[in-house]
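Dear colleague,

Please find below the structure that I am handing over to you. My findings follow it.

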Amino acid sequence: MANGTASNGSTLKIHNARFILTVDAGRRIITDGSIFVEDGRITQVGKAREMESVPADRVLDASEMVITPGMINGHAHISYAHATRGIFPDTLGADYLPNVFKLQGELDEEAEYCTSLLAITEMLKGGTTCFMDPGSTKFIDACMDAYNESGCRIIVGMHVTDKPNPVNLPQYETGEAIAIMEHAIREYDHRLNDRVRAWAMPFSPSFSTEEMLRGAKRLADEYGTGITLHTSNSPSEVEDSLQEHGLRPVEYLEKIGVMGENVLLSHLIGVNDAEMDAMARGGSTTVMCPSQTLKQGTGITRIGKLPELLDRGISVGLGTDAPNNSNLMETMRAMYLAAVLYKDGREDISMIPPETALELATIGGAEAFCLADEIGSIEVGKKADMVLFDTRRAEWRRVFNQVNTLVYNSDGRSVHTVIVDGRVVIEDYKPTYVDEWQLIQRLQAIGEELLAKTGISFPSTWPVV
Ligand SMILES: [Zn+2]
């Protein structure tokens with residue numbers, strides 16, 4: 001079957017897995033398990049022996065595999081970045097975003113299609129089946145081809161600002177900004193068999209007027225979709241908000257009515273108790289990006305509040321942020337960091353057990369996206385998004401404690417097969433939809449062109465001879 005697709009009435013059986021980490025309501029781990037998929041949805045999960053005689057159009061032998069739900073990356077800007085990965089020095093500081101938007105400004109449609117396809121391929125190969133690009137897409141139409149071909153699940157949108165900002169983002173009239181967000185939702189929400197969702201994406205409270213923020217929330221409510229914005233990326237953003245509104249960022253959002261289950265506030269470094277209480281009252285969700293805050297030095301080990309957010313019952317997912325600020329795009333690395341950072345930061349090894357970390361990377365992300373009825377676990381009725389980890393590797397042996405081994409020992413290198421919406425998109429470690437090396441070579445040329453056009457270059461600290 002072409003590309004291993006399991007749509008159009010076809011069936012797929014993933015048979016005889018060593019372990020299935022279902023992350024279902026009972027958090028069952030099934031030994032010697034099988035999963036049956038029909039039309040992209042899971043119709044049966046159980047013991048292999050019970051499904052031995054069930055025929056399928058395609059059967060995948062999972063006998064040395066551990067299967068998990070697909071990982072969910074709740075905050076991952078892609079766009080231009082894979083063409084110029086790793087060019088920024090650590091000392092760039094506040095000049096980071098102006099450089100990003102200068103590079104992105106020179107990107108054309110074909111280039112963004114290519115950069116997006118490589119970014120998606122890297123994420124899929126690391127076990128991420130669903131991610132949110134929080135508004136950085138410049139040419140969604142061209143990128144739709146990349147989403148279609150790769151088979152990924154994505155939440156997309158256009159980020160907008162209607163206030164002066166120091167980061168080279170275009171400043172729109174308020175009405176125009178709202179129209180841009182509405183257009184993205186009308187045009188793209190629920191496309192590609194519902195694999196694409198489109199949300200309202202005002203960049204941040206500090207670059208948005210109250211009217212625009214209220215407009216974005218109104219769109220999310222009217223269209224039954226979501227709104228996300230960068231909130232409290234760093235302690236300085238909290239200071240700015242206090243100066244401008246006399247309120248901290250989350251308090252301000254609550255005051256103007258931008259709070260609710262469909263409001264996802266990403267980053268949240270340095271929220272205080274009152275802000276977390278406001279989120280719990282309003283039902284808002286969050287995504288935290290440990291690899292980004294570590295690399296940018298914004299204080300996660302000192303002022304991060306993941307345990308307190310979870311204590312309040314707030315839905316939390318994990319993100320990686322961008323390929324040029326955290327540089328690590330693998331949700332599994334964020335999962336590992338979530339499990340270890342607070343142990344050290346609080347000098348308390350009971351913080352964020354591995355089971356919690358796995359929840360954050362799967363069902364937690366699904367809850368943060370308001371998609372927990374559809375994805376985030378391996379259960380009958382859910383979409384067939386899952387990862388097969390190859391245990392025929394040193395880091396997986398022996399598999400005594402599956403969750404410990406997954407979170408602490410392994411990483412994306414053992415991702416053998418990835419299935420999204422019932423379609424096999426990574427098989428035997430390779431993408432089924434693209435010649436990856438050819439794509440990488442194309443990206444090299446695009447990157448060189450972008451740097452030449454913008455004049456952006458940062459010399460190496462060490463002499464390159
Ligand atoms: Zn971001």
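**Findings: strands and helices**

Strand β12 (residues 227–231) pairs with strand β13 in the parallel sense, over five bridges; two strands pair if DSSP finds at least two bridges between them. Helices (H or I, at least four residues) and strands (E, at least two) are DSSP runs, numbered from the N terminus. The model is a predicted one, in which local features need pLDDT of at least 70, side-chain atom pairs count only at pLDDT 80 or more, and totals for chains, interfaces and linings use all residues. Residues are numbered from 1 along each chain as its sequence is written.

Within β13, Ser 266 is the bridge partner of His 230. Ser 266 also stands opposite Val 287 in β14. Strand β14 (residues 285–288) pairs with β13 in the parallel sense, over three bridges. Strand β13 (residues 263–267) is mostly covered, as five of its five residues are buried (20 or more other C-beta atoms, placed from the backbone, lie within 10 Å of the residue's own).

I turn now to two helices. The axes of α2 (residues 109–125) and α3 (residues 140–150) come within 8 Å and cross at roughly 30 degrees; axes are lines fitted to C-alpha atoms over the stretch in contact, and angles run from 0 to 180 degrees between N-to-C directions. The two helices, α2 and α3, are therefore roughly parallel to each other (angles under 35 degrees count as such).

Key:
Parallel < 35°, antiparallel > 145°, perpendicular 65-115°, else oblique. Buried ≥ 20, exposed ≤ 12 C-beta atoms within 10 Å, placed from the backbone.
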